[in-house]
Amino acid sequence: MVDLAEDKQAHEIVLLDIRSQSTIADYFVICSGDNERQLRAITDHIDDQIHRQFGLNPRIEGSSDTGWIVIDYADVVVHVFSANQRDYYRLDGLWNKVPPVVVVQ
């Protein structure tokens, strides 16, 4: 999913292993896009490719116009943020006790 986000030029991509801190998922992928169109492109690309490769249908919450989209695959949850929303919610900081597995600037 990190690679798929990167395919659509998402930036500040972080993969967190949250298994030791939470039971809601095993991993969080957090990334940012520059505008609504890019947020939608990142989300659609991840959803299309994961469905094609693994047949999974996620629960998707939020929309590109809100600046925060959550793609929930149960074990892996992807957060696609606008820069403003990412700065506001600081999800990375909430999970600061969890070491990142992958960081892509």
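In this predicted model, Ile13 touches Val2, Ala5, Glu6, Val29, Ile30, Cys31, Val102, Val103 and Val104, when residues up to four places away in sequence are not counted. Ile13 also stands opposite Val104 in strand 6, and it is named, together with Ile46 and Val80, among the residues with the most contacts inside the largest nonpolar core, a set of 19 residues. Two or more residues of this core are given by each of helix 1 (2-7), strand 1, strand 2, helix 2, strand 4 and strand 5, and the largest share, four residues, comes from helix 2. A second, separate core has 12 residues, including Ile18, Ile30, Leu91 and Trp95. In soluble globular proteins, nonpolar side chains tend to be buried together.

The strands named above belong to an open sheet of six strands, which has the order 3-4-5-2-1-6 and mixed pairing. Strand 3 (59-63) and strand 6 (100-104) form the edges of the sheet, and each of them pairs on one side only. From one strand to the next the twist averages 10°. Strand 1 (residues 11-17) and strand 6 run antiparallel and are joined by four bridges. Helix 2 (residues 36-54) packs on the sheet, where it touches strand 2 (27-33), strand 3, strand 4 (68-72) and strand 5 (76-82), and the direction of helix 2 makes about 165° with that of strand 5.

Two serines, Ser63 and Ser64, were examined in turn. Ser63 lies in strand 3, whereas Ser64 lies in the loop between strand 3 and strand 4. Ser63 has a relative accessible area of 26% and is therefore classed as partly exposed, while Ser64, with a relative accessible area of 10%, is buried, because values under 20% count as buried.

The surroundings of the two residues can be described in the same way. Leaving aside neighbours within four places in sequence, Ser63 is in contact with Trp68 and Ile69, and on the corresponding count Ser64 touches Glu36, Leu39, Arg40 and Ile69. The side chain of Ser63 makes a polar contact with the side chain of Asp65 (2.2 Å); the side chain of Ser64 makes one with the side chain of Arg40 (2.8 Å). Finally, Ser63 and Thr43, which are 20 residues apart in sequence, are separated in space by 9.4 Å, C-alpha to C-alpha.

Methods. Residues are numbered from 1 along each chain as its sequence is written. This is a predicted model: local features need pLDDT of at least 70, side-chain atom pairs count only at pLDDT 80 or more; totals for chains, interfaces and linings use all residues. Side-chain values use heavy atoms; hydrogens and water are left out. Two strands pair if DSSP finds at least two bridges between them. Axes are lines fitted to C-alpha atoms, for helices over the stretch in contact, and angles run from 0 to 180 degrees between N-to-C directions. Contact means heavy atoms within 4.5 Å. Buried means under 20% relative accessible area, exposed over 50%, partly exposed in between (1.4 Å probe, protein chains only). A polar contact is a pair of N or O atoms within 3.5 Å; within protein, one must be able to donate a hydrogen and the other to accept it, and residues adjacent in sequence count only if both atoms are side-chain atoms. A nonpolar core is a set of buried Ala, Val, Leu, Ile, Met, Phe, Trp, Tyr and Cys residues joined through side-chain atoms within 4.5 Å.
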